[in-house]
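Subject: Handover of a structure, with notes

Dear colleague,

Please find below the structure that I am handing over to you. I would be grateful if you kept it open while reading the notes that follow it.

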Amino acid sequence: MVRAYKGGTKKATHKSTLLYWKKYLSVKESLPSRKAFGVGPAANAPSYSVTAVSQRKGPINATWDSRTSPEDMEEMWKNPEVNKEWTHSGEKRGKVRFSHDVEKHPYLSRVELRAVAEIIMDKHFKKGYKPTVLCALCEMVSMRFLNGVGQHSGLMGIDYPTARWLYKDLGYKGYTVQSVEDLTKPFISMYFGAAYMTWLSQYKGRERTLEFVVQAYLSGPQNVSIQETSSLWDKFEEAMNRYEEPQVESGSCTIM
């Protein structure tokens, strides 16, 4: 159907439409997938009556600058890969657009997501996990959608009660979280996702494996069953491999 759209039904299988088909596949691959996993709440996080931000909530024309502090934006521009991607897409300082899927949902490119994870880990969690670990979890939880998916808020799917618990009770105060909407800001969501992972890595006073932490993040620490992790773990490793390999994504900041 795609090739017929370009060259008509008679040329749907003709070599003249093959390049168009390959370009279509390339663009399709760069977009987020449609399968996401939930995030398990911390067992002792308090319960608040709040409504999570759905994938559709929030202004379509939101910009990076409206969801990010000037200091963090400066760090993004300093990242060579981000700078290259934004410059190629015609982005201007103070008016950097988010990428959008065909239904106008804003999402981060893999280059942008990795940069956010690297900045957060370098500034706040120097002895924590590799940024690629956070990126892989983000792929599984929100598919890189800025506002999150379903009932899970933001990139990392951290709910407001858990974020407030991490902030107020555990002292993770690198960023302030005062409302559910704060969790739709890339750096805030990434920060509290990293904080939650850090807490899980020492769950109940024991050093935990990455496999435990991944399943606990997705299902809740009280629901971990290492014998049943193979499927989740395989998907996690597959997602992480996308960030271990050279980035081929380009021009992803174009509004689609």
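In these notes, a helix axis is a line fitted to the C-alpha atoms over the stretch in contact, and the angle between two axes runs from 0 to 180 degrees between their N-to-C directions. Helices (H or I, at least four residues) and strands (E, at least two) are DSSP runs numbered from the N terminus. The model is predicted, so local features are reported only at pLDDT of at least 70 and side-chain atom pairs only at pLDDT 80 or more, while totals for chains, interfaces and linings use all residues. Residues are numbered from 1 along each chain as its sequence is written, and side-chain values use heavy atoms, with hydrogens and water left out.

Overview and confidence

The chain contains eleven helices and four strands. Of its 256 residues, 48% are buried; buried means under 20% relative accessible area, exposed means over 50%, and partly exposed lies in between (1.4 Å probe, protein chains only). Among the contacts (heavy atoms within 4.5 Å) with a separation of 6 or more, 67% join residues 24 or more positions apart.

The average pLDDT, which is the predictor's confidence in each residue from 0 to 100, is 81 for the chain, and 70% of the residues score at least 70. Residues 24-36 have a pLDDT below 50, and this stretch has 26 contacts in the model beyond near neighbours in sequence. Over residues 248-256 the pLDDT also stays under 50, and the model has 36 contacts there beyond four places in sequence.

Helix packing

How do H4 and H6 pack? Their axes are 10 Å apart, at an angle of about 120°. The crossing of H4 and H6 is right-handed; a crossing has this name if the near helix is turned clockwise from the far one by less than a right angle, and is left-handed if the turn is anticlockwise. On the H4 side, Asp72, Glu75 and Met76 take part, and they meet Glu112, Ala115, Val116, Ile119 and Lys123 of H6. The residues of this contact divide into four nonpolar, no polar and four charged. Here Ala, Val, Leu, Ile, Met, Phe, Trp, Tyr, Cys and Pro count as nonpolar, Asp, Glu, Lys and Arg as charged, and the others, Gly among them, as polar.

Helix H5 (residues 80-88) also packs against helix H6 (residues 110-124), at an angle of about 145° and with the axes 9 Å apart. This crossing of H5 and H6 is left-handed. Glu81, Val82, Glu85 and Trp86 of H5 meet Val111, Glu112 and Ala115 of H6, and the residues of the contact comprise four nonpolar, no polar and three charged.

The nonpolar core

A nonpolar core is a set of buried Ala, Val, Leu, Ile, Met, Phe, Trp, Tyr and Cys residues joined through side-chain atoms within 4.5 Å. The largest one has 64 residues, and those with the most contacts inside it are Trp64, Met76, Ile120, Met156, Phe192, Tyr217 and Phe236. Elements that give two or more residues to this core include H4 (70-78), H5, H6 and H11 (230-244). Which helix gives the most? It is H9, with eleven residues.

Helix H10 is mostly covered, with seven of its ten residues buried: Phe212, Val213, Val214, Gln215, Ala216, Tyr217 and Leu218. Just after H10, Gly220 takes a positive phi of about 100°.

Individual residues

Trp77 is found in H4 and counts as buried because its relative accessibility is 8%. Leaving aside neighbours within four places in sequence, Trp77 is in contact with Asn83, Trp86, Thr87, Glu91, Lys92, Arg93 and Val96. The C-alpha atoms of Trp77 and Arg93 are separated by 8.5 Å.

Asn241, in H11, counts as partly exposed because its relative accessibility is 41%.

Arg144 is placed in the loop between H7 and strand S3 (148-149), and Lys204 in the loop between H9 and H10. Are these residues buried or exposed? Arg144 counts as buried because its relative accessibility is 0%, whereas Lys204 counts as exposed because its value is 68%.

Yours sincerely
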